[in-house]
Structures are given as structure tokens and as C-alpha cells.
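Here's a quick tour of the model on your screen.

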Number of protein chains: 2
Amino acid sequence: MIYETVRWKMADDRICAEFAGNKGLMPGKLRLIDQTLLPEKLEYVESDDIAEIHSFIKRLVVRGAPAIGAAAALGLAAAMQKSGADSRESFMCELRRSADYLASSRPTAVNLFWALGRCVDALKKSDADSPDTLKEKLLEEAFSILNEDMLLCENIGKNGATLLKDGMTVLTHCNAGALATCGIGTALAPIYIAHSRGLKIKVYADETRPLLQGARLTAWELDKAGIDVTVICDNMAGFLMGKGRIDLVITGADRIAANGDSANKIGTYSLAVLARHHKVPFYIAAPYSTIDMNINDGTAIPIEERAGEEISRSFGKQTAPPTVKIFNPAFDVTPHELISGIITEKGLILPPYKDGLKRYGLQLL
Amino acid sequence: MIYETVRWKMADDRICAEFAGNKGLMPGKLRLIDQTLLPEKLEYVESDDIAEIHSFIKRLVVRGAPAIGAAAALGLAAAMQKSGADSRESFMCELRRSADYLASSRPTAVNLFWALGRCVDALKKSDADSPDTLKEKLLEEAFSILNEDMLLCENIGKNGATLLKDGMTVLTHCNAGALATCGIGTALAPIYIAHSRGLKIKVYADETRPLLQGARLTAWELDKAGIDVTVICDNMAGFLMGKGRIDLVITGADRIAANGDSANKIGTYSLAVLARHHKVPFYIAAPYSTIDMNINDGTAIPIEERAGEEISRSFGKQTAPPTVKIFNPAFDVTPHELISGIITEKGLILPPYKDGLKRYGLQLL
């Protein structure tokens, strides 16, 4: 029962892997869980059509930076298997057009551009002439992206699992799990690893307003993996900490400044303040690449404001008067003083973060 | 534009008042805003039928302890105007039956039992023999309940308004406003009073999961009254405090212990912790009768746990997997150390609360 979520994802990967093994003679398709239907329905979408794959990313069928990147790369590879190009030149021309088109599916998703760019670059550098060889190389590169992210998640999990003891209760926010990555997630990875080692870990998942990624996605994937999970509203976290029922908080991060200040889903900062008040350790789990050494501290991280309708008309119901103002910041920044440690694939970084970051090889500007 | 909400309520009261003036010759009806339809539709329900009035309370057409009490008393009075009883004895018998029936509409609403009991007691004590005189007395008592609560709200407002200065921004949680009381509310009363004096007050209203009373009701009534209100998700309060954008927090309370520990809607405690961290004053506003001197501290206040479906199926959609556990405490207790002051109709009580409570005449057990 361990890793059921991950095994499911691996089963999907195997479908891709099959078409890789068949070298385009029997072209495969990108297969994804349709996350827009969770938790009501578990349905898959499959395609090797570039326009359809574009719409999967645009419609949030797949979300989470690492998952978007890998889906775009694998989608590009699947679509290009059908290419009728008869020369390297025409294949590369078609590849660039397709990659540019997929890159337009989510305007600000850095991982999306990075993964597509990496695929195009790999083929540019290759000296292969035959479109068939290029197709093979493209699949190889897309799978490298997938496999590297799986390994990265695994290592975050192993490094974070050192913090967990049998019987502990962990609180998490939003979804930084298997559904957001190619592997076992970032914030949830230590929990999956501890669970796989036979430790009993209880998880409280903040529902995470306004889009409820915690209730819809985190609860779903932990439940599928057989992990004891309970959903709460965001405003109940303080109550649980006050009752001594939370041992540890772990959340993901979207961007980490050179001093350790961490931007993540709105509500993370409140959790960190509550954790400090209750002397509950508060950890961030994220790939090392999330640390942006060009940013000295959190004040330089811009906070995206999203449409008020996400709050006032969530789930198709008018829950606030249409005439009333809504404030909907999508992220907040947790200052490094409130962070007990940053769990990365390279190791667990403890304060002071500037020294910790240096130890792992990043230099301050 | 000042007090528009309150004027609306008074307009409704006047309808009741009209039937009072007509002494049952042209029986009037209880008229209420149907709060279940807010904020999508403003519709009124009217009735003098005891079964219908029972269902108004049961279905949460009217909610908020003081509003429920007054609605039950006025509803009882309206229904009893139609009584065909020809003796004091048969009138009293019918009255008791009707009051008992209305009391069964919400099993744990203390104000409901109190208001109905007060009406029955007033008639028991009266020496009137004629059913017509008893009907008049009943209306009188019901209106006393209404008017006393209006005055109480007004005085909470005046006492709390001393804390507000022009240009201040106040954060509130849940709905402790005009819709929950017969007057201008408790937590919102200082804001209405300050606004009526020409002060510009900006309000942030926590949407208040799971039932969204802040987004649905607080935002609606403040907007109607012409007060600058912005809805946020509960998890955004810390972000705003961190940016220095909140000057004061005011919430209501359901029950206050002798030492000042205050039970209120879930999420209030988290707000109080966040306010302390950011050095933002945190006030409770409540009728003096909310202070329960039989309870030494907050640990003795039981916390109601409500159905998980309020969280997992709110918005009419399944937002968490149906197989997953949900934890849904309806209230939390804010310890007195985190409370800057308790605003009552008798005055503003400042710490230490035991002394403050004594000054206003309550004795510790």
C-alpha cells in the first residue's frame, strides 16, 4: 500500500515508457490525471495532439511547477512522434513551432519554459540527422526531466524524513505533493518516505482557500497512499497548535531569497507565526533550484494578486456581495527568522541560512 | 446613508409596530430578512403562523443569538394575536404550548429559551383577565426585548467607538453585526457609531470558513451601510498585519469566562495570536451578559464539533474526498492575555479582567 499515489504515477509513466520502447512505430500518448475533476472523479486524459496538450496545461488539468514542466516535455515528445518531417531541418522547425505553442499555455510558469527549452536545446546540440533518431533523443530528454524530478523528490523526502518520528502529527498547507511533481512531492515527500519506512504519521491538511488545493488534492493523494489525513479550514490551525496537537509544520515554497525568506501559497506566513507562538517547528521543503541568490530578501519577491472572483464566486456560488471589494493575494513571504529549516534534495539547511546556503555551494551576490 | 442597514431593520420593526398599534384588530406579521439567501438575493419572509416562524429559526433564516431571541418573542406575539381563546386560562395554555414549540426550533440557543420564557413569565405575572389585554402585554414584552437589545448594541458601539480614529482600518471575523442582533450589532457597533460621526473607517472582513458569515453577511451589511469593506480569506489576515495594514481587530464573543478568556467563532484565536505577534490591539465586543462568572477560565468552555460536510461539501460541491476525515470545531477560546479589552454596554473593560469585571458589579465565585 506504500506509495500508492506514486505507483499510479509510475504506471502512467510506463505508458509513456512503452511508446518510448516502440520508437514511434506505435506512437504513445501523454497520459495525465485530470486534476480539475479531483476529488469528485478520478479520470485520465490522454493525447498526442499538440492543441489538446496545450489545453491540458492551460485548463490546469496538470498544475504544480515540476509537473507542468515534465508534462510539457513529454507532451512535446509524444506529439513529435507523429511528425512526417523528412529532414533534420524540417523536424527542428516543427519542433520549435510546437515548443513555442506549448510555452504559450501558461504565461508565467518558469518550469514550463525551462523544460521545453531544455528539449529543444538537447536536439540542437545533437548531431543526429534522421528524424527518427531525433524523435528518440527527444523522448530521452523528456524522460530525463521526469526522472530527475522523481529523484529530487525522493531525496527531499529522505532528508526531511530525518525530522519525523513514529506517531508524529504534521500540518501542511496547499499541495506540494505527488500531484504537483513527477515524484512524491516536496512538502509531502518526507511524509511518504517516513510512511514507507513504517512510521505512523498523522497529517492535517489546511483546505487552503481560495482554491482548496489542500482539501481537493493533498487530502486525496495522502488518502490514496494510505496515510492518515484530516482536512481542516485554514482558520483551525491555531486551535490545533494551541491544543498541542501539531508536532511539525511542513510547506512547500515557490521562491526562496538568499537570506532564507520564502514565498509560498497565501496563508503560509500566518502558519509560521502561529507555529512560532506555539513553539512548533516550521519547515520549508523545496528543490534547491527554488533558492534565488539574486534576491537578497523577501521584500524583493513580487506578490501576485489574483481575481476577486476566486474568493467571491468560488465553486460557482456567489459567497460575497458582487459590489464588495475583495483582496486576493496569491502568495505571502515567510521571513527566515520563522523558518526552522529548509529541506532540499542536497540536504537540510538550518539557520543561519546564508552560511547554510554557502555550504551547499551557492555564493551570495 | 448612515445606518442604512439599521434603518432597514427599523423599517421592519415599524411593520411590527404597526400591528402593535392596531391591537390585533388587523394582526401583523413577523417580518425578517431571509439570511439564507444573502448575499445573492435580499428577500423578506413574513408570517404569523407558528409553524412557519418555527421553520424560520430552524432553517437559519434568522441567526445570531440576540436576533433569534427577539424573532422568537415577536413571532410568538404575532401568532398569539390570532388566538381565539376566550379566557385567561385557555390563552395561557395556548401561549405555553406555542412557546414550547418555538423553543424546540434550535436546541442549544440560550437566547431563544430566555426570550420565550421572559414573555411567558411577563404574562404569568400580569393580573389581566381578558385575552385582548394579554395579547397587548405580550406584544409589549416582545418589543421590550427588541428595544433593550437595540439600546445595548448602541451602547457597545459608543463605548467601542472611543477606540477608533479617523482613517483607521479594522479587521473583523464572522458576523457580529446588525444581522445578528436587533440593533447595530456588537463587534460592528463601534464601526457603525464611528461612521455615523463622520469618521472614515476601513474594514477587512474575514470570509470565515466554513459557513462564510463574514463574506455573506458582514460584507453585505457594511456595504449597505456605505462603509468601506473588503473581504479576505481567513488565511490572509496575517499577511495584512505583516504589511501594517490593520490598526485594530474587533470580534464578538459567544461566552466569556470570569478571567476574560473568550469563546468565539473558530479562527478568532488564530487572529488574536497574529495580532499579538504584530502588536495590533485585539478587542472583544459583547453584551455584559455574555460574561459567565460561573466559569473560572476558558478550559471549562465546551467546544462544539460540527458535521464535516460543512467543510467538505460547502459551496454545493464535494471539495474534499468523501473518504477523508474532517475536523470541524465551531468555536475556539482566546485566552485573556491576548485580549486588549472587552467592549460591553456598561463600559470598556481593560485587563486585569477580574478587577475590571468587579468594577462593573459582577462578583467572582
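Let's begin at A:Phe282, which sits in strand β9 of chain A, a run covering residues 282-285. Keep in mind that this is a predicted model. With a relative accessible area of 0%, A:Phe282 is buried.

**Around A:Phe282**
- Setting aside neighbours within four places in sequence, A:Phe282 has contacts that include A:Val249, A:Thr251, A:Thr268, A:Leu271, A:Ala272 and A:Ala275.
- A:Pro329 is 47 residues away from A:Phe282 along the chain, and their C-alpha atoms are 22 Å apart.

- Going from A:Leu38 to A:Pro39, the peptide bond is cis, with omega near 0°; A:Pro39 belongs to the loop that links β1 (30-33) and β2 (44-47) of chain A.
- There's also a cis bond from A:Pro351 to A:Pro352, this one with omega near -5°. A:Pro352 is placed in the loop between β14 (348-349) and α12 (353-359) of chain A.
- A:Leu60 has a positive phi, near 65°, despite not being glycine. You'll find A:Leu60 in the loop between α2 (50-58) and α3 (65-80) of chain A, and its 37% relative accessibility makes it partly exposed.
- Over in chain B, B:Leu212 has phi near 60°, again a positive value in a residue other than glycine. B:Leu212 lies in the loop between β4 (202-206) and α8 (213-224), and it's buried at 5% relative accessible area.

**Helix packing in chain B**
- Helices α3(B) (residues 65-80) and α6(B) (residues 131-161) pack at about 165°, with axes 9 Å apart. Since angles over 145 degrees count as roughly antiparallel, that's what this pair is.
- The crossing of α3(B) and α6(B) is left-handed. On the α3(B) side, the contact is made by B:Pro66, B:Ala70, B:Ala73, B:Leu74, B:Leu76, B:Ala77 and B:Met80.
- From α6(B) come B:Lys135, B:Leu138, B:Leu139, B:Ala142, B:Phe143, B:Ile145, B:Leu146 and B:Asp149. By class, the contact of α3(B) with α6(B) comes to 13 nonpolar, no polar and two charged residues.
- B:Asp149, in helix α6 of chain B, is buried at 11% relative accessible area. Beyond residues up to four places away in sequence, B:Asp149 touches B:Pro66, B:Thr181, B:Cys182 and B:Gly183.
- Helix α2(B) (residues 50-58) packs on α3(B) too, at an angle of about 170° with axes 10 Å apart, so this pair is roughly antiparallel.
- In that contact, α2(B) supplies B:Ile50, B:Ile53 and B:Ile57, while α3(B) supplies B:Ile68, B:Ala72, B:Gly75, B:Leu76 and B:Ala79. These split into seven nonpolar, one polar and no charged.

**Around B:Ala237**
- B:Ala237 is part of helix α9 (residues 237-242) of chain B, and at 0% relative accessibility it counts as buried.
- Leaving out neighbours within four places in sequence, B:Ala237 contacts B:Leu171, B:Asp206, B:Ile232 and B:Leu271.
- B:Ala78 is 159 residues away from B:Ala237 along the chain, with 43 Å between their C-alpha atoms.

**How the chains relate**

Key: Residues numbered from 1 in each chain as written. Chains lettered and ligands numbered in written order. Predicted model: local features only at pLDDT ≥ 70, side-chain atom pairs only at ≥ 80, totals over all residues. Heavy atoms only, no water. Axes fitted to C-alpha atoms, helices over the stretch in contact; angles between N-to-C directions. Helix = DSSP H or I, 4+ residues; strand = E, 2+ residues; numbered from the N terminus. Parallel < 35°, antiparallel > 145°, perpendicular 65-115°, else oblique. Left-handed = near helix turned anticlockwise from the far one by under 90°. Contact = heavy atoms within 4.5 Å. Nonpolar A, V, L, I, M, F, W, Y, C, P; charged D, E, K, R; others polar. Buried < 20%, exposed > 50% of the residue type's maximum accessible area, 1.4 Å probe, protein only.
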